[in-house]
Amino acid sequence: MENITENVVNEHSHIKGWGIDADPANEPTYPMKMYTGDDHRRMNYERPPMQPKNVEILQSNERPSLPAVFGTSTPPTGLSGKIRRYAFKFSEGSWGHWLPLMLADRVNVVEGIVDDLKQGYVPNIFKERGWNAEWKYNRNKAIQKIAIGVAVTSFLLTVLVYRKDNKSSN
Amino acid sequence: MVAMNYRGPFRVRADRNRPDPEILHPNDAIVRVTRSCICGSDLHLYHGLVPDTRVGMTFGHEFTGIVEEVGPGVKNLKPGDHVLVPFNIACGTCPFCRQELYGNCHESNAEATAVGGIFGYSHTAGGFDGGQAEYVRVPYADVGPTIIPPGMDLDDAVLLTDVVPTGYQAAEMAGIKTGDTVVVFGAGPIGIMAAKCAWLFGAGRVIIIDHIEYRLDFARTYAQCEAYNFKSLGDPVLFIKKTTDYFGADVCIDAVGCEAEGSTMQTITGRKLMLQSGAATALHWAINGVKKGGVVSIVGVYGPTGNLIPIGNVLNKGLTIRANQASVKRLLPRLIEHVQAGRLDPKGLITHRVPLEEVSDAYHIFSRKLDNCIKTILIPSTAAA
């Protein structure tokens with residue numbers, strides 16, 4: 001065993017810091033290594049002061065109360081907010097919690113576009129999707145995508161016009 | 001202020017009219033951001049894979065900045081201090097923080113109990129706006145933020161907020177024994193750093209597996225390890241078995257998470273149909289490629305619902321699985337030593353420096369892996385103010 005270890009050391013002498021943190025006594029390693037037993041005191045510890053609650057915060061039903069601090073970004077609103085409130089009736093172990101949240105996220109995208117328009121801002125979706133970078137670094141692919149988009153749109157328009165013509169001739 | 005604004009999957013922008021953050025708790029600080037990064041796990045948000053990612057949120061959990069204002073309860077920081085801010089929001093007093101499980105703080109996430117609060121990482125991680133902005137609110141300012149040591153490069157400092165600790169912890173949790181063969185799945189910044197750190201723990205052989213050639217080339221040089229493209233290997237598990245005399249690796253590290261490629265079934269069910277929390281291909285390979293009695297260390301991020309993995313093989317092989325979000329504060333003293341001694345070179349991972357205003361392009365470049373991108377940092381125009 002000693003020879004094996006010695007060989008390993010020699011083989012790696014070119015790697016700066018090789019083996020410097022090797023510690024055979026490091027068992028069990030993280031995340032168990034600093035176990036204190038404090039968990040058994042459950043929620044009986046000195047909690048930090050509470051952040052005042054000035055916006056709606058959806059709280060996991062697996063908690064007895066809010067944590068001492070919480071994020072106040074983008075409180076739930078609109079239809080997506082209603083769906084999110086419904087989701088929080090279910091525990092984190094339930095699909096009833098996560099699937100409605102995914103649905104709410106998609107609804108929220110449409111709400112975001114409507115909000116932008118209401119504020120007189122027309123979102124530049126191509127720019128938001130980073131198409132400047134696509135054009136700069138992946139031009140062939142960008143041209144390919146544009147060509148496919150134009151072809152599909154032309155095809156759909158042609159079908160629509162053809163159907164309209166057929167209907168009017170009938 | 002200028003801040004990144006999430007508008008939906010694959011759509012972000014920098015808005016100029018975002019409200020400045022305010023002190024909301026006595027232990028808060030307001031920090032003027034000097035560097036922030038786009039993390040590989042930000043891409044899971046960007047791709048719409050993390051539930052409760054709300055339109056209008058600002059992402060960013062890797063940042064440095066100058067303290068502008070502190071709440072009345074803050075004792076250890078003062079305006080003007082230049083700090084690196086761990087991505088975990090941790091109170092320092094709950095039973096989990098007292099065990100140095102700073103990624104599992106019980107006092108920072110209202111919306112979910114599995115994980116503590118994380119800056120700019122959806123409401124599933126607490127609903128805090130993040131650091132891809134000119135200014136950011138930092139809760140528990142006495143606990144996480146660490147004054148950047150004199151002389152340390154800011155680019156090194158910002159990578160100490162997540163990439164370096166996560167890579168290091170991946171190797172640490174693997175319980176590497178001297179001479180072990182370590183296989184790392186994923187040649188992103190975290191995987192490359194995990195490979196680099198595996199040497200510090202005395203690994204005898206380090207192998208990194210990915211499918212993006214420029215990243216594999218980078219890993220070979222930066223982490224001084226072997227690097228293989230799974231597309232040319234055919235079956236990566238069989239490759240691992242053959243290259244270890246049919247034993248299996250001593251340790252496998254999953255540094256990919258939910259957006260893995262390499263399995264049609266996992267891709268369709270996990271990423272396209274979203275019937276599971278992303279594609280668990282790398283985890284599958286890790287479990288099947290490690291030796292009997294071996295260790296699988298997971299730092300790749302998965303969603304909260306569930307994944308298809310061969311749990312029967314975990315049982316039959318007697319594996320140990322260790323996983324957690326990095327406990328950044330716990331690791332910082334040692335990692336700062338490694339950086340100062342030149343054993344780790346975090347800034348060597350940075351390939352792109354982009355103004356915050358061009359955040360849309362920055363996300364697209366990182367997401368599509370354009371221009372040989374490894375790691376992108378965003379620099380607000382107010383960074384030098």
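**Tyrosines, a pocket and an aspartate**

User: Let's start with B:Tyr46 and B:Tyr363. Buried or exposed?
Analyst: Both B:Tyr46 and B:Tyr363 are buried (buried is under 20% relative accessible area, exposed over 50%, partly exposed in between; 1.4 Å probe, protein chains only). This is a predicted model: local features need pLDDT of at least 70, side-chain atom pairs count only at pLDDT 80 or more, and totals for chains, interfaces and linings use all residues. Residues are numbered from 1 along each chain, chains are lettered from A, and side-chain values use heavy atoms, leaving out hydrogens and water.

User: How many aromatic pairs are there over all chains?
Analyst: The count comes to 12. Rings of Phe, Tyr and Trp (its six-membered ring) pair if their centres lie within 6.5 Å; planes under 30 degrees apart are stacked, over 60 edge-to-face, the rest tilted.

User: And what do B:Tyr46 and B:Tyr363 form?
Analyst: A tilted pair, 5.0 Å centre to centre with 35 degrees between the planes. B:Tyr46 lies in helix 1 (residues 40-46) of chain B and B:Tyr363 in helix 13 (residues 359-368) of chain B, so the pair ties together parts 317 residues apart in sequence. Helices (H or I, at least four residues) and strands (E, at least two) are DSSP runs, numbered from the N terminus.

User: Which residues do ring pairs link into a cluster?
Analyst: B:Tyr6, B:Phe10, B:Tyr46, B:Phe59 and B:Tyr363.

User: How many residues of helix 13 of chain B are buried?
Analyst: 9 of its 10. B:His364 and B:Phe366 are among them. Just after that helix, B:Lys369 has a positive phi of about 55 degrees.

User: New topic. Where does B:Asp155 lie?
Analyst: In helix 3 (residues 154-159) of chain B. B:Asp155 counts as buried because its relative accessibility is 6%.

User: Which side chains does it contact? B:Arg353 for one, what distance?
Analyst: The side chains of B:Asp155 and B:Arg353 make a polar contact of 2.6 Å. Another, of 3.0 Å, joins B:Asp155 to the side chain of B:Arg35. A polar contact is a pair of N or O atoms within 3.5 Å; within protein, one must be able to donate a hydrogen and the other to accept it, and residues adjacent in sequence count only if both atoms are side-chain atoms.

User: Last one. Which helix gives the largest share of the lining of the second largest pocket?
Analyst: Helix 3 of chain A, with 5 residues. A pocket is an open set of points on a 1 Å grid over the protein atoms alone, where a 1.4 Å probe fits, with protein on both sides within 12 Å along at least five of seven lines; lining residues have an atom within 4 Å of a point.
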